[in-house]
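Okay, everyone, thanks for coming. Let me put the sequence and the model up on the screen, and then I'll walk you through what I'd look at.

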Amino acid sequence: MQDVYFKNKKQLQKALSEIIKKHRLNKNKSISLISDEIGMTKSMWADLEKSIKDPQLSTMWRISEALDVPMSAIIIELEEVLGESFTLVG
């Protein structure tokens, strides 16, 4: 069961990182600019986009504001990418 959790968590992180990067590029914002806007180091932002980091909700909120994308839109995109059967609990 733990193996499934970690596999699915990694899948979630990868989907989120791709969504974040897509919106950053759509806004023509560099990693330097966006990380400065939310008070994050460039290396931490790069780790998010490489799906190395799993951001906290408060960090995701700041990211969505800096990208000018509602948090709900990011969640909807995640749900669409991951599909209805995606789960982290069993």
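**A walk through the model**

Let's start at Asn28, which you'll find in the loop between H1 and H2; helices here are DSSP runs of H or I with at least four residues, strands are runs of E with at least two, and both are numbered from the N terminus. Before going on, a word on where this comes from: it's a predicted model, local features need pLDDT of at least 70, side-chain atom pairs count only at pLDDT 80 or more, and totals for chains, interfaces and linings use all residues. Residues are numbered from 1 along each chain as its sequence is written, and side-chain values use heavy atoms, with hydrogens and water left out.

Back to Asn28. Its phi is near 55 degrees, which is positive, and Asn28 isn't a glycine. Most residues other than glycine have a negative phi. Asn28 is also exposed, because its relative accessible area is 69%. For that word, the cut-offs are under 20% relative accessible area for buried, over 50% for exposed, and partly exposed in between, using a 1.4 Å probe and protein chains only.

Now, Ser51 has a positive phi too, near 60 degrees. Ser51 sits in the loop between H3 and H4. Is Ser51 buried or exposed? Buried, since its relative accessible area is 8%.

Okay, zooming out. Along the principal axes, the C-alpha atoms fill a box of roughly 40 × 25 × 20 Å. The radius of gyration is 13 Å, which agrees with the value near 12 Å that a compact globule of 90 residues would have. That radius is taken over C-alpha atoms, and the globule rule is 2.2 Å times the number of residues to the power 0.38. Of the 90 residues, 36% count as buried. And if you take the contacts with a separation of 6 or more, 65% of them are between residues 24 or more positions apart, where contact means heavy atoms within 4.5 Å.

So what's inside? The largest nonpolar core has 18 residues, and the ones with the most contacts inside it are Ile20, Trp45, Met60 and Ile63. Each of the five helices puts in at least two residues: H1 (2-26), H2 (31-38), H3 (42-49), H4 (57-67) and H5 (71-82). By nonpolar core I mean a set of buried Ala, Val, Leu, Ile, Met, Phe, Trp, Tyr and Cys residues joined through side-chain atoms within 4.5 Å.

Which residues does Trp45 touch, not counting those up to four places away in sequence? The list is Ile20, Arg24, Ile31, Ile34, Ser35, Ile38, Met40 and Ile63.

Arg24 is on that list, so let's click on it. Arg24 is in helix H1 and counts as buried, because its relative accessibility is 7%. Leaving aside neighbours within four places in sequence, Arg24 is in contact with Lys29, Ser30, Ile31, Ile34, Trp45, Glu49 and Leu67. His23, also in helix H1, counts as buried at 13% relative accessibility. With the neighbours within four places set aside again, His23 is in contact with Leu67, Val69 and Glu77. Asn26 lies in helix H1 too, but counts as exposed, at 56% relative accessibility.

Over in helix H4 there's Ser64, which counts as buried at 4% relative accessibility. Beyond residues up to four places away in sequence, Ser64 touches Val69, Pro70, Met71 and Ile74.

Last stop, the largest pocket, with about 230 Å³ of space. The closest to its centre, of the 15 residues lining it, are Leu12, Leu16, Met60, Ile75 and Leu78. Helices H1, H4 and H5 each supply at least two lining residues, and H5 gives the most, with 6. The lining divides into 11 nonpolar, 2 polar and 2 charged residues.

Notes. 1 Å grid on protein atoms, 1.4 Å probe; cavity = no way out; pocket = protein on both sides within 12 Å on 5 of 7 lines; lining within 4 Å. Points joined across faces, edges and corners; volume = space filled by probe spheres on them. Nonpolar A, V, L, I, M, F, W, Y, C, P; charged D, E, K, R; others polar.
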